[in-house]
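Biologist: Can you put the model up? I'd like to go through the helix packing and then a few residues.

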Amino acid sequence: MKHLLKDEELIQMHLNTHQNDYFETLYKRYVTKVYRRCLSLTKDTAKAEDYTHDIFLRVHGNLTKFQEKSAFSTWLYSISYNYCMDQIRQSNRNSTVALEEDQDYIWTDSTDQDNKEFQLQQLDKAMGAISGDELLMLRMKYEDNLDIKEIAEQLNLKNSAVKMRLKRTRDKIRRMYGEDPF
């Protein structure tokens with residue numbers, strides 16, 4: 001019976017009764033998708049498993065904050081992406097490289113690296129200037145490799161609306177970025 005309920009109904013039942021069966025149904029419904037999302041970002045199965053576990057703990061603790069402004073799957077997807085990116089950024093800041101005494105190091109021309117860094121900063125700035133919905137749709141299309149129909153189903157939109165929004169978002173980024181990154 002629980003598996004027939006909509007996500008929002010399961011959330012309300014869980015919040016009203018505090019029975020974990022309702023949340024467990026949501027978990028079973030989405031755990032594979034969240035894991036695949038984490039794996040696509042981390043490229044590490046152990047981290048993906050850890051992150052998936054952490055994400056569902058975070059979602060469980062924040063269910064009262066779900067305001068049904070979007071589909072639960074969209075909200076969960078956003079939390080998953082943000083959590084993974086935060087973890088990746090944090091690990092990049094904390095990573096260090098040990099230098100061996102007997103190792104010869106090759107110093108590269110910094111101009112190439114500076115140019116790449118500048119391009120990444122420009123793209124990051126452009127990506128930061130688009131709305132969360134636009135970013136979500138781009139990630140679903142290009143990172144998760146979902147087709148237009150799958151995106152439309154998840155976001156409760158028509159196929160034509162997804163196509164138009166993706167086109168407008170790509171055009172907006174191209175204008176801000178100054179090049180054609182796609």
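Modeller: Here it is, and I'll take your questions in order; keep in mind that this is a predicted model.

Biologist: Overview to begin with. How many helices and strands in the chain?

Modeller: The chain has eight helices and zero strands. Read from the N terminus, the elements go α-α-α-α-α-α-α-α.

Biologist: What share of the residues is buried?

Modeller: 31% of the 182 residues count as buried. The accessible surface of the chain is about 12600 Å², and carbon and sulfur atoms account for 48% of that.

Biologist: And contacts between residues at least 6 apart in sequence, how many of those join residues at least 24 apart?

Modeller: 54% of them.

Biologist: Now H1 and H2. At what angle do the axes cross?

Modeller: Roughly 150°, with the axes coming within 7 Å. H1 covers residues 7–17 and H2 covers residues 20–42. Angles over 145 degrees count as roughly antiparallel, so H1 and H2 are roughly antiparallel to each other.

Biologist: Left-handed or right-handed crossing for H1 and H2?

Modeller: The H1 and H2 crossing is left-handed. On the H1 side the contact uses Asp7, Leu10, Ile11, Met13, His14 and Thr17. H2 contributes Asn20, Tyr22, Phe23, Thr25, Leu26, Arg29 and Tyr30.

Biologist: How do the residues of that contact divide?

Modeller: In the contact of H1 with H2, seven are nonpolar, four polar and two charged.

Biologist: Next pair. How do the axes of H2 and H3 cross?

Modeller: At roughly 140°, and the axes come within 8 Å; H3 is residues 45–61. That angle makes H2 oblique to H3. The crossing of H2 and H3 is right-handed.

Biologist: Which residues meet there, H2 against H3?

Modeller: From H2, the list includes Phe23, Tyr27, Tyr30, Val34, Leu39 and Thr42. Among the H3 residues they meet are Ala48, Tyr51, Ile55, Phe56 and Val59. By class, the contact of H2 with H3 has 13 nonpolar, five polar and two charged residues.

Biologist: Thr42 is on that list. Is Thr42 buried or exposed?

Modeller: Thr42 has a relative accessibility of 16%, and the cut-off for buried is under 20%, so Thr42 counts as buried. Leaving out residues up to four places away in sequence, Thr42 touches Lys47, Ala48, Tyr51 and Ile88.

Biologist: What about the loop between H2 and H3, what is the phi of Lys43?

Modeller: Lys43 sits in that loop, and its phi is near 60°, which is positive in a residue other than glycine. Most residues other than glycine have a negative phi. Lys43 counts as exposed, at 66% relative accessibility.

Biologist: Where is Glu68, and what is its phi?

Modeller: Glu68 is in the loop between H3 and H4. Its phi is positive, about 60°, although Glu68 is not a glycine. Glu68 has a relative accessible area of 43%, so it is partly exposed.

Biologist: Last one, Thr74. Which helix does Thr74 lie in?

Modeller: Thr74 lies in H4, residues 72–94. Thr74 is buried, with a relative accessible area of 9%.

Biologist: What does Thr74 touch, not counting residues up to four places away in sequence?

Modeller: Leu136, Gln154 and Leu155. Thr74 and Leu155 are 81 residues apart along the chain, and their C-alpha atoms are separated by 7.0 Å.

How values were computed:
Residues numbered from 1 in each chain as written. Predicted model: local features only at pLDDT ≥ 70, side-chain atom pairs only at ≥ 80, totals over all residues. Heavy atoms only, no water. Axes fitted to C-alpha atoms, helices over the stretch in contact; angles between N-to-C directions. Helix = DSSP H or I, 4+ residues; strand = E, 2+ residues; numbered from the N terminus. Parallel < 35°, antiparallel > 145°, perpendicular 65-115°, else oblique. Left-handed = near helix turned anticlockwise from the far one by under 90°. Contact = heavy atoms within 4.5 Å. Nonpolar A, V, L, I, M, F, W, Y, C, P; charged D, E, K, R; others polar. Buried < 20%, exposed > 50% of the residue type's maximum accessible area, 1.4 Å probe, protein only. Areas by Shrake-Rupley, 256 points an atom, 1.4 Å probe, with all protein chains shown as cover.
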